[in-house]
Amino acid sequence: MDKVQQMQVLCAKIGVFFANCDGVYETREQEFIENFVANLEQGEGLTPEIKQIILESTNEIVSLETIIQMTKDLLDGFNEVEQAEIKKVLAEFIVKLIEVDGEIHPNEIANYNLIKEQIGL
């Protein structure tokens, strides 16, 4: 799996994690993730294999530790400037997802802060 595909899968897993973080998987959160996949199909050239992995990941909630490790794996091999840009994109993605349902839950903030601490977002 190349770095673009790793990023696509990571974002999907982050999306599902944060959508479920407050204990309620809202319709708006589901739509956000579906729109993410649709945008990937239109822009980045989403392969059928990666699309299948992403769709399967919407039924699987991974741990925060897994997300942190996947992020570290993704960042490995990039220089500081590239890593900073990837971190910025991930941070913006998480914030948009947290805000999409109109309610910011304490669990979402706590987990976001843990990712920021561990990854340096």
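This is a predicted model: local features need pLDDT of at least 70, side-chain atom pairs count only at pLDDT 80 or more; totals for chains, interfaces and linings use all residues.
Residues are numbered from 1 along each chain as its sequence is written, and side-chain values use heavy atoms, with hydrogens and water left out.

**The cysteines and a glutamine**

So what about cysteine 11 and cysteine 21? Cysteine 11 is in no disulfide, and the nearest cysteine sulfur, that of cysteine 21, is 16 Å away. Cysteine 21 is in no disulfide either.

| Residue | Relative accessibility | Class |
|---|---|---|
| Glutamine 5 | 18% | buried |
| Cysteine 11 | 5% | buried |
| Cysteine 21 | 12% | buried |

Glutamine 5 sits in helix 1, residues 3–20 (helices are DSSP runs of H or I, at least four residues, and strands are runs of E, at least two, numbered from the N terminus). Leaving out residues up to four places away in sequence, glutamine 5 touches Thr47 and Ile50, where contact means heavy atoms within 4.5 Å.

**The core**

A nonpolar core is a set of buried Ala, Val, Leu, Ile, Met, Phe, Trp, Tyr and Cys residues joined through side-chain atoms within 4.5 Å. The largest one has 32 residues, and Ile14, Phe18, Ile54 and Ile115 touch the most other members. Not counting residues up to four places away in sequence, isoleucine 54 touches Gln8, Val9, Ala12, Val37, Leu40 and Leu46.

**Helix 2 against helix 5**

Helix 2 (residues 27–43) and helix 5 (residues 80–99) pack at an angle of about 145 degrees, with their axes 9 Å apart. Axes are lines fitted to C-alpha atoms, for helices over the stretch in contact, and angles run from 0 to 180 degrees between N-to-C directions. Which residues meet there? Glu29, Phe32 and Phe36 in helix 2 meet Phe93, Lys96 and Leu97 in helix 5.

Key. Buried means under 20% relative accessible area, exposed over 50%, partly exposed in between (1.4 Å probe, protein chains only). A disulfide is a pair of cysteine sulfur atoms within 2.5 Å.
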